[in-house]
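I opened this entry to keep track of what I looked up in the model. The notes go from the whole chain to single elements.

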Amino acid sequence: MTNPITLSPPVDASVDRTLQLIGSGASAGSSCSPGLTSGPWEYDVGPAGAPAAPGYGPGASQDDPIPGAAPRQGALPASYTEATEAELHERIRAAKAELGERVVVLGHFYQRDEVVAHADFVGDSFQLAKAARTRPEAEAIVFCGVHFMAETADLLSTAEQSVILPNLAAGCSMADMADLDSVMDCWEQLEEVYGTTPDEAGRAPVIPVTYMNSSAALKGFVGQHGGIVCTSSNAAAVLDWAFERGQRVLFFPDQHLGRNTAKAMGIGLEQMPLWNPRKPLGGNTEQELDEAKVLLWHGFCSVHKRFTVDQIAKARAEYPDVHVVVHPECPMPVVDAADSAGSTDFIVKAIEAAPAGSTFAIGTEINLVQRLAAQYPQHTIFCLDPVICPCSTMYRIHPGYLAWVLESLLAGEVVNRITVSDEVADPARVALERMLSVAPRATAGTQR
Ligand code: SF4
(Lines give C-alpha, C1' and ligand atoms only; values in the text may rest on other atoms or scores of the structure.)
Protein backbone atom coordinates (compact mmCIF):
# COMPACT_ATOMS: atom_id res chain seq x y z
CA MET A 1 0.00 0.00 0.00
CA THR A 2 1.42 3.36 -0.94
CA ASN A 3 1.86 6.05 1.68
CA PRO A 4 -1.60 7.59 2.30
CA ILE A 5 -0.15 11.09 2.78
CA THR A 6 1.05 11.30 -0.76
CA LEU A 7 -1.60 9.39 -2.63
CA SER A 8 -4.54 11.38 -1.38
CA PRO A 9 -4.86 15.15 -1.46
CA PRO A 10 -3.52 16.59 1.82
CA VAL A 11 -6.11 18.25 4.06
CA ASP A 12 -4.19 21.50 4.21
CA ALA A 13 -1.37 23.18 2.39
CA SER A 14 1.02 23.41 5.33
CA VAL A 15 4.00 21.09 5.16
CA ASP A 16 4.87 22.26 8.69
CA ARG A 17 1.59 21.01 10.08
CA THR A 18 1.96 17.75 8.16
CA LEU A 19 5.39 17.30 9.74
CA GLN A 20 4.06 18.07 13.20
CA LEU A 21 1.38 15.40 12.72
CA ILE A 22 4.00 12.90 11.61
CA GLY A 23 6.29 13.87 14.51
CA SER A 24 3.51 13.43 17.06
CA GLY A 25 2.48 10.08 15.62
CA ALA A 26 -0.96 11.42 14.64
CA SER A 27 -0.18 10.71 10.99
CA ALA A 28 1.16 7.51 9.46
CA GLY A 29 3.36 9.40 7.00
CA SER A 30 7.13 9.67 7.09
CA SER A 31 9.64 12.50 6.80
CA CYS A 32 13.30 12.43 5.81
CA SER A 33 14.47 13.88 9.14
CA PRO A 34 13.02 14.15 12.65
CA GLY A 35 14.77 17.53 12.98
CA LEU A 36 12.30 19.09 10.56
CA THR A 37 9.92 19.83 13.42
CA SER A 38 12.56 21.97 15.19
CA GLY A 39 12.92 25.70 14.66
CA PRO A 40 15.52 26.44 11.94
CA TRP A 41 17.27 28.83 14.38
CA GLU A 42 18.55 25.74 16.18
CA TYR A 43 20.88 25.31 13.19
CA ASP A 44 22.03 28.93 13.03
CA VAL A 45 24.26 28.67 16.06
CA GLY A 46 25.71 25.57 17.64
CA PRO A 47 26.01 24.87 21.37
CA ALA A 48 27.22 27.85 23.40
CA GLY A 49 27.24 30.08 20.33
CA ALA A 50 29.73 27.92 18.41
CA PRO A 51 29.45 28.16 14.62
CA ALA A 52 26.65 26.06 13.23
CA ALA A 53 27.61 22.62 12.01
CA PRO A 54 28.21 22.41 8.25
CA GLY A 55 25.03 21.48 6.43
CA TYR A 56 21.77 23.20 5.68
CA GLY A 57 19.73 21.66 8.47
CA PRO A 58 17.12 18.95 8.04
CA GLY A 59 15.46 18.38 4.69
CA ALA A 60 16.39 17.31 1.19
CA SER A 61 19.78 19.03 1.09
CA GLN A 62 20.76 18.33 4.69
CA ASP A 63 23.85 16.35 3.70
CA ASP A 64 25.16 19.05 1.36
CA PRO A 65 27.92 21.09 3.01
CA ILE A 66 27.70 24.87 3.30
CA PRO A 67 30.82 26.40 1.69
CA GLY A 68 33.18 27.99 4.20
CA ALA A 69 32.69 31.45 2.69
CA ALA A 70 28.87 31.28 2.75
CA PRO A 71 27.19 33.81 5.03
CA ARG A 72 26.05 32.53 8.43
CA GLN A 73 22.94 33.63 10.22
CA GLY A 74 23.33 34.88 13.77
CA ALA A 75 20.99 33.99 16.61
CA LEU A 76 17.39 35.17 16.31
CA PRO A 77 16.06 37.02 19.40
CA ALA A 78 13.96 34.86 21.73
CA SER A 79 10.91 37.06 21.15
CA TYR A 80 10.78 35.47 17.69
CA THR A 81 11.89 31.91 18.43
CA GLU A 82 9.49 31.60 21.37
CA ALA A 83 6.46 33.21 19.72
CA THR A 84 3.57 31.02 18.63
CA GLU A 85 2.61 30.64 14.97
CA ALA A 86 -0.45 32.82 15.58
CA GLU A 87 1.62 35.56 17.28
CA LEU A 88 4.14 35.63 14.46
CA HIS A 89 1.38 35.75 11.88
CA GLU A 90 -0.14 38.77 13.60
CA ARG A 91 3.22 40.54 14.03
CA ILE A 92 4.07 40.08 10.36
CA ARG A 93 0.63 41.27 9.30
CA ALA A 94 0.87 44.33 11.54
CA ALA A 95 4.43 45.21 10.45
CA LYS A 96 3.53 44.89 6.79
CA ALA A 97 0.44 47.03 7.24
CA GLU A 98 2.49 49.76 8.92
CA LEU A 99 5.27 49.60 6.33
CA GLY A 100 2.74 49.75 3.50
CA GLU A 101 4.29 50.60 0.14
CA ARG A 102 7.74 50.81 1.71
CA VAL A 103 8.17 47.04 1.48
CA VAL A 104 7.42 44.24 -0.96
CA VAL A 105 7.56 40.63 0.17
CA LEU A 106 8.39 37.94 -2.40
CA GLY A 107 7.64 34.27 -1.73
CA HIS A 108 9.18 31.47 -3.76
CA PHE A 109 6.94 28.53 -4.72
CA TYR A 110 9.00 26.27 -2.42
CA GLN A 111 8.54 28.36 0.70
CA ARG A 112 6.49 27.09 3.60
CA ASP A 113 2.84 28.11 3.49
CA GLU A 114 3.11 30.17 6.67
CA VAL A 115 5.57 32.45 4.81
CA VAL A 116 3.79 32.42 1.44
CA ALA A 117 0.66 33.66 3.26
CA HIS A 118 2.38 37.06 3.63
CA ALA A 119 3.90 37.33 0.16
CA ASP A 120 2.83 40.09 -2.23
CA PHE A 121 4.05 37.93 -5.12
CA VAL A 122 4.51 34.15 -5.32
CA GLY A 123 6.46 32.54 -8.14
CA ASP A 124 9.78 31.16 -9.31
CA SER A 125 12.99 33.09 -8.76
CA PHE A 126 13.00 35.02 -12.01
CA GLN A 127 9.28 35.80 -11.95
CA LEU A 128 9.78 37.23 -8.47
CA ALA A 129 12.80 39.34 -9.39
CA LYS A 130 10.79 40.78 -12.30
CA ALA A 131 7.73 41.29 -10.07
CA ALA A 132 9.84 43.38 -7.70
CA ARG A 133 10.58 45.72 -10.62
CA THR A 134 6.91 46.66 -10.66
CA ARG A 135 7.35 48.15 -7.17
CA PRO A 136 10.14 50.73 -7.61
CA GLU A 137 8.65 52.78 -4.76
CA ALA A 138 9.39 49.99 -2.26
CA GLU A 139 12.55 50.81 -0.34
CA ALA A 140 12.95 47.18 0.76
CA ILE A 141 12.45 43.92 -1.11
CA VAL A 142 12.18 41.01 1.31
CA PHE A 143 13.01 37.88 -0.68
CA CYS A 144 11.68 34.73 0.96
CA GLY A 145 13.78 32.35 -1.08
CA VAL A 146 17.48 31.52 -1.19
CA HIS A 147 20.68 33.53 -1.52
CA PHE A 148 21.17 33.53 -5.32
CA MET A 149 17.56 34.71 -5.73
CA ALA A 150 18.17 37.70 -3.48
CA GLU A 151 21.32 38.48 -5.49
CA THR A 152 19.31 38.38 -8.74
CA ALA A 153 16.71 40.69 -7.23
CA ASP A 154 19.52 43.07 -6.26
CA LEU A 155 20.82 42.99 -9.85
CA LEU A 156 17.39 43.91 -11.20
CA SER A 157 16.34 46.43 -8.55
CA THR A 158 17.21 50.10 -8.24
CA ALA A 159 20.27 51.34 -6.35
CA GLU A 160 17.98 52.88 -3.73
CA GLN A 161 16.28 49.57 -2.89
CA SER A 162 17.58 47.12 -0.29
CA VAL A 163 17.12 43.42 -0.91
CA ILE A 164 16.75 41.43 2.29
CA LEU A 165 17.14 37.68 2.77
CA PRO A 166 15.36 36.83 6.05
CA ASN A 167 17.82 34.06 6.95
CA LEU A 168 21.39 34.45 5.64
CA ALA A 169 21.91 30.69 5.90
CA ALA A 170 19.29 30.09 3.21
CA GLY A 171 21.70 29.23 0.41
CA CYS A 172 21.19 26.73 -2.40
CA SER A 173 23.26 23.57 -2.31
CA MET A 174 23.05 23.23 -6.09
CA ALA A 175 24.34 26.78 -6.62
CA ASP A 176 27.17 25.97 -4.19
CA MET A 177 28.32 23.11 -6.42
CA ALA A 178 29.84 25.53 -8.93
CA ASP A 179 32.05 28.23 -7.43
CA LEU A 180 33.90 30.90 -9.36
CA ASP A 181 37.39 29.46 -8.75
CA SER A 182 36.42 25.99 -10.03
CA VAL A 183 34.68 27.40 -13.08
CA MET A 184 37.65 29.63 -13.91
CA ASP A 185 39.97 26.66 -13.53
CA CYS A 186 37.73 24.65 -15.89
CA TRP A 187 37.66 27.54 -18.35
CA GLU A 188 41.48 27.72 -18.46
CA GLN A 189 41.70 24.00 -19.16
CA LEU A 190 39.11 24.28 -21.92
CA GLU A 191 41.05 27.16 -23.51
CA GLU A 192 44.14 24.95 -23.54
CA VAL A 193 42.23 22.13 -25.24
CA TYR A 194 40.11 24.17 -27.68
CA GLY A 195 42.16 27.34 -28.08
CA THR A 196 40.41 30.70 -28.27
CA THR A 197 40.05 31.17 -32.04
CA PRO A 198 36.54 31.12 -33.56
CA ASP A 199 35.81 28.69 -36.44
CA GLU A 200 35.14 29.80 -40.08
CA ALA A 201 31.55 30.57 -39.13
CA GLY A 202 32.76 32.91 -36.38
CA ARG A 203 31.62 30.61 -33.57
CA ALA A 204 33.66 30.64 -30.37
CA PRO A 205 35.07 27.30 -29.17
CA VAL A 206 32.82 27.30 -26.06
CA ILE A 207 29.95 29.42 -24.75
CA PRO A 208 29.37 29.34 -20.98
CA VAL A 209 25.73 29.02 -19.89
CA THR A 210 24.76 29.30 -16.26
CA TYR A 211 21.43 28.30 -14.80
CA MET A 212 19.67 31.03 -12.85
CA ASN A 213 20.41 28.92 -9.76
CA SER A 214 23.98 30.13 -9.45
CA SER A 215 25.84 32.89 -7.67
CA ALA A 216 26.00 36.42 -9.08
CA ALA A 217 29.75 35.85 -9.47
CA LEU A 218 29.05 33.10 -12.02
CA LYS A 219 26.49 35.20 -13.83
CA GLY A 220 29.21 37.84 -14.01
CA PHE A 221 31.67 35.26 -15.33
CA VAL A 222 29.39 34.21 -18.19
CA GLY A 223 28.64 37.85 -18.96
CA GLN A 224 32.37 38.50 -19.33
CA HIS A 225 32.94 35.42 -21.49
CA GLY A 226 30.26 35.81 -24.14
CA GLY A 227 27.79 33.64 -22.24
CA ILE A 228 24.25 33.78 -20.98
CA VAL A 229 21.93 32.85 -18.12
CA CYS A 230 19.01 30.41 -18.51
CA THR A 231 16.00 29.38 -16.45
CA SER A 232 14.23 26.04 -16.47
CA SER A 233 11.57 27.70 -18.68
CA ASN A 234 13.88 28.90 -21.44
CA ALA A 235 16.87 26.51 -21.34
CA ALA A 236 16.26 25.14 -24.87
CA ALA A 237 15.93 28.61 -26.42
CA VAL A 238 19.08 29.70 -24.59
CA LEU A 239 21.00 26.68 -25.89
CA ASP A 240 19.83 27.62 -29.43
CA TRP A 241 21.24 31.10 -28.79
CA ALA A 242 24.52 29.65 -27.55
CA PHE A 243 24.93 27.28 -30.52
CA GLU A 244 24.49 30.19 -32.93
CA ARG A 245 27.54 31.74 -31.30
CA GLY A 246 29.62 28.76 -30.22
CA GLN A 247 30.66 25.28 -31.22
CA ARG A 248 29.83 23.86 -27.82
CA VAL A 249 28.43 24.84 -24.44
CA LEU A 250 29.74 24.65 -20.90
CA PHE A 251 26.57 24.30 -18.80
CA PHE A 252 26.56 24.77 -15.02
CA PRO A 253 25.73 24.04 -12.28
CA ASP A 254 22.85 21.58 -12.89
CA GLN A 255 23.83 18.57 -14.97
CA HIS A 256 20.25 17.29 -15.09
CA LEU A 257 18.67 20.43 -16.56
CA GLY A 258 21.52 20.56 -19.08
CA ARG A 259 21.25 16.90 -20.03
CA ASN A 260 17.44 16.81 -20.22
CA THR A 261 17.34 19.97 -22.33
CA ALA A 262 20.12 18.97 -24.71
CA LYS A 263 18.72 15.45 -25.12
CA ALA A 264 15.30 16.86 -26.04
CA MET A 265 17.12 18.94 -28.70
CA GLY A 266 18.55 15.77 -30.24
CA ILE A 267 22.07 15.92 -28.82
CA GLY A 268 23.47 12.45 -28.08
CA LEU A 269 24.47 11.47 -24.56
CA GLU A 270 27.96 10.63 -25.85
CA GLN A 271 28.30 14.32 -26.74
CA MET A 272 27.54 15.42 -23.18
CA PRO A 273 30.49 14.54 -20.96
CA LEU A 274 30.31 15.35 -17.27
CA TRP A 275 32.84 17.83 -15.93
CA ASN A 276 34.06 16.84 -12.47
CA PRO A 277 35.90 19.90 -11.13
CA ARG A 278 38.06 17.72 -8.86
CA LYS A 279 39.69 15.88 -11.78
CA PRO A 280 42.07 17.04 -14.53
CA LEU A 281 40.11 17.85 -17.69
CA GLY A 282 37.02 17.24 -15.59
CA GLY A 283 37.71 13.48 -15.73
CA ASN A 284 37.63 13.40 -19.55
CA THR A 285 40.08 12.65 -22.32
CA GLU A 286 40.96 15.30 -24.90
CA GLN A 287 39.15 13.24 -27.53
CA GLU A 288 35.96 13.15 -25.41
CA LEU A 289 36.19 16.91 -24.99
CA ASP A 290 36.77 17.33 -28.70
CA GLU A 291 33.57 15.45 -29.52
CA ALA A 292 31.52 17.23 -26.86
CA LYS A 293 28.59 19.49 -27.68
CA VAL A 294 27.50 20.20 -24.10
CA LEU A 295 29.88 19.93 -21.15
CA LEU A 296 27.78 19.27 -18.06
CA TRP A 297 28.99 20.51 -14.70
CA HIS A 298 28.81 17.93 -11.92
CA GLY A 299 26.01 19.64 -9.98
CA PHE A 300 22.49 18.62 -9.00
CA CYS A 301 19.54 19.58 -6.85
CA SER A 302 19.17 17.34 -3.80
CA VAL A 303 15.42 17.88 -3.82
CA HIS A 304 14.83 16.77 -7.40
CA LYS A 305 17.40 13.99 -7.18
CA ARG A 306 15.05 12.18 -4.80
CA PHE A 307 12.54 11.32 -7.53
CA THR A 308 12.79 7.87 -9.10
CA VAL A 309 11.36 5.79 -11.92
CA ASP A 310 10.03 3.33 -9.30
CA GLN A 311 7.92 6.11 -7.77
CA ILE A 312 6.44 6.79 -11.21
CA ALA A 313 5.68 3.09 -11.71
CA LYS A 314 3.88 2.98 -8.32
CA ALA A 315 1.81 6.06 -9.16
CA ARG A 316 0.78 4.54 -12.51
CA ALA A 317 -0.11 1.22 -10.87
CA GLU A 318 -2.37 2.95 -8.36
CA TYR A 319 -3.82 5.58 -10.72
CA PRO A 320 -3.86 4.32 -14.33
CA ASP A 321 -5.02 7.75 -15.59
CA VAL A 322 -2.38 9.69 -13.70
CA HIS A 323 -0.45 12.43 -15.46
CA VAL A 324 3.12 12.44 -14.20
CA VAL A 325 4.77 15.84 -14.46
CA VAL A 326 8.29 16.48 -13.18
CA HIS A 327 10.79 19.30 -13.02
CA PRO A 328 13.73 19.12 -15.47
CA GLU A 329 16.16 19.19 -12.51
CA CYS A 330 15.13 15.53 -12.03
CA PRO A 331 17.50 12.85 -13.36
CA MET A 332 17.05 11.93 -17.04
CA PRO A 333 15.44 8.47 -16.48
CA VAL A 334 12.75 10.17 -14.35
CA VAL A 335 12.09 12.85 -16.97
CA ASP A 336 11.95 10.14 -19.66
CA ALA A 337 9.44 8.09 -17.65
CA ALA A 338 7.19 11.10 -16.92
CA ASP A 339 4.36 12.30 -19.16
CA SER A 340 5.72 15.84 -19.21
CA ALA A 341 8.51 17.89 -17.74
CA GLY A 342 8.86 21.59 -17.18
CA SER A 343 9.53 24.45 -14.83
CA THR A 344 7.44 25.17 -11.73
CA ASP A 345 5.44 27.62 -13.83
CA PHE A 346 4.82 24.89 -16.43
CA ILE A 347 3.63 22.53 -13.67
CA VAL A 348 1.29 25.14 -12.19
CA LYS A 349 -0.16 25.97 -15.62
CA ALA A 350 -0.65 22.27 -16.49
CA ILE A 351 -2.77 21.87 -13.36
CA GLU A 352 -4.69 25.10 -13.96
CA ALA A 353 -5.57 23.96 -17.49
CA ALA A 354 -6.60 20.39 -16.62
CA PRO A 355 -10.27 19.33 -16.62
CA ALA A 356 -11.81 18.72 -13.17
CA GLY A 357 -11.17 15.24 -11.84
CA SER A 358 -7.63 14.97 -13.24
CA THR A 359 -4.92 13.13 -11.33
CA PHE A 360 -1.38 14.46 -11.13
CA ALA A 361 1.73 12.90 -9.66
CA ILE A 362 4.29 15.65 -9.35
CA GLY A 363 8.06 15.56 -9.11
CA THR A 364 8.99 18.82 -7.47
CA GLU A 365 9.37 20.36 -4.01
CA ILE A 366 6.73 19.28 -1.51
CA ASN A 367 5.62 22.76 -0.39
CA LEU A 368 4.47 23.59 -3.92
CA VAL A 369 2.86 20.19 -4.44
CA GLN A 370 0.94 20.30 -1.18
CA ARG A 371 -0.22 23.88 -1.87
CA LEU A 372 -1.43 22.92 -5.35
CA ALA A 373 -3.30 19.95 -3.89
CA ALA A 374 -5.08 22.27 -1.45
CA GLN A 375 -5.76 24.93 -4.12
CA TYR A 376 -7.22 22.47 -6.64
CA PRO A 377 -9.45 20.12 -4.65
CA GLN A 378 -11.24 19.21 -7.90
CA HIS A 379 -8.10 17.22 -8.85
CA THR A 380 -6.16 14.47 -7.14
CA ILE A 381 -2.65 15.84 -6.73
CA PHE A 382 0.21 14.16 -4.91
CA CYS A 383 3.98 14.19 -4.70
CA LEU A 384 5.83 11.29 -6.34
CA ASP A 385 8.08 10.99 -3.30
CA PRO A 386 6.18 9.34 -0.42
CA VAL A 387 8.58 10.86 2.13
CA ILE A 388 7.93 14.45 3.22
CA CYS A 389 11.28 16.10 2.55
CA PRO A 390 11.29 19.86 1.87
CA CYS A 391 14.26 21.75 0.46
CA SER A 392 16.46 22.31 3.54
CA THR A 393 17.72 25.63 2.34
CA MET A 394 14.29 27.08 1.53
CA TYR A 395 13.14 25.72 4.88
CA ARG A 396 15.58 28.01 6.69
CA ILE A 397 13.09 30.84 6.14
CA HIS A 398 10.54 30.67 8.95
CA PRO A 399 7.90 33.26 9.90
CA GLY A 400 10.12 34.16 12.86
CA TYR A 401 12.77 35.54 10.48
CA LEU A 402 10.19 37.33 8.36
CA ALA A 403 8.79 39.02 11.46
CA TRP A 404 12.32 39.96 12.55
CA VAL A 405 13.34 41.62 9.26
CA LEU A 406 10.02 43.49 8.96
CA GLU A 407 10.03 44.74 12.56
CA SER A 408 13.68 45.75 12.11
CA LEU A 409 12.66 47.83 9.09
CA LEU A 410 9.99 49.49 11.20
CA ALA A 411 12.67 50.30 13.76
CA GLY A 412 14.76 51.91 10.99
CA GLU A 413 17.26 49.05 10.65
CA VAL A 414 17.96 47.08 7.49
CA VAL A 415 19.17 43.62 8.51
CA ASN A 416 20.43 40.83 6.23
CA ARG A 417 20.87 43.06 3.19
CA ILE A 418 22.22 41.24 0.11
CA THR A 419 24.31 43.34 -2.24
CA VAL A 420 26.22 42.51 -5.39
CA SER A 421 29.32 44.62 -6.09
CA ASP A 422 29.33 46.73 -9.28
CA GLU A 423 32.31 44.76 -10.55
CA VAL A 424 30.19 41.59 -10.55
CA ALA A 425 26.82 43.21 -11.20
CA ASP A 426 27.72 44.90 -14.50
CA PRO A 427 28.71 41.73 -16.43
CA ALA A 428 26.00 39.70 -14.62
CA ARG A 429 23.38 42.13 -15.95
CA VAL A 430 24.83 41.69 -19.45
CA ALA A 431 24.27 37.92 -19.14
CA LEU A 432 20.72 38.46 -17.87
CA GLU A 433 19.96 40.96 -20.65
CA ARG A 434 21.15 38.43 -23.23
CA MET A 435 18.70 35.94 -21.74
CA LEU A 436 15.87 38.46 -21.89
CA SER A 437 16.65 39.04 -25.59
CA VAL A 438 16.08 35.35 -26.36
CA ALA A 439 12.61 34.60 -27.73
CA PRO A 440 11.08 31.70 -25.82
CA ARG A 441 10.30 28.48 -27.66
CA ALA A 442 6.63 27.73 -28.27
CA THR A 443 6.45 25.37 -25.26
CA ALA A 444 8.46 25.75 -22.10
CA GLY A 445 8.17 22.06 -21.23
CA THR A 446 8.35 18.70 -22.95
CA GLN A 447 5.27 16.59 -23.57
CA ARG A 448 5.31 12.89 -24.36
S1 SF4 B 1 15.11 23.12 -4.55
FE2 SF4 B 1 17.19 22.57 -5.21
S3 SF4 B 1 17.79 24.20 -6.63
FE4 SF4 B 1 16.00 24.95 -5.45
S5 SF4 B 1 16.89 26.06 -3.70
FE6 SF4 B 1 16.52 23.95 -3.03
S7 SF4 B 1 18.52 22.92 -3.42
FE8 SF4 B 1 18.53 24.83 -4.59
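**Whole chain**

I counted the secondary structure of the protein chain first: 18 helices and 16 strands. I note here that the model is predicted.

I then checked the overall dimensions. The C-alpha trace spans about 65 × 55 × 40 Å along its principal axes. The radius of gyration is 22 Å, which agrees with the value near 22 Å for a compact globule of 448 residues.

Buried residues are 53% of the 448 in the protein chain. Of the contacts with a separation of 6 or more, 69% join residues 24 or more positions apart.

**The parallel sheet**

I traced an open sheet of 5 strands in the order β7-β6-β8-β10-β9, with parallel pairing. Its edge strands are β7 (228-230) and β9 (274-275), each of which pairs on one side only.

I asked myself how many of the residues of strand β6 are buried. The count is 5 of the 5 in residues 207-211, so β6 is largely enclosed by the rest of the structure. Ile 207, Val 209 and Tyr 211 point one way from β6, while Pro 208 and Thr 210 point the other way. I recall that side chains alternate between the two faces of the sheet in a regular strand.

I listed the bridges of β6 on either side. Strand β8 (residues 249-252) is joined to β6 by 4 bridges, and Pro 208 stands opposite Leu 250 there. With β7 there are 3 bridges, also parallel, and Tyr 211 has Cys 230 as its bridge partner.

I also checked β9, which 2 bridges join to the parallel strand β10 (residues 294-297). Trp 275 has Trp 297 of β10 as its bridge partner.

**Helix α13**

Which residues of α13 (residues 309-318) are buried? I found Gln 311, Ile 312 and Ala 315. They cover an arc of only 100° around the axis, which puts them on the same side of α13. The face turned away from that buried side carries Asp 310, Ala 313 and Ala 317, which are exposed.

I looked for what covers the buried residues of α13, and the cover includes β11 (323-326), α14 (332-337) and β13 (359-363).

Definitions and conventions: Residues numbered from 1 in each chain as written. Predicted model: local features only at pLDDT ≥ 70, side-chain atom pairs only at ≥ 80, totals over all residues. Rg over C-alpha atoms; globule rule 2.2 N^0.38 Å. Buried ≥ 20, exposed ≤ 12 C-beta atoms within 10 Å, placed from the backbone. Contact = placed C-beta atoms within 7 Å. Arc of directions from axis to C-beta. Pairing = 2+ DSSP bridges.
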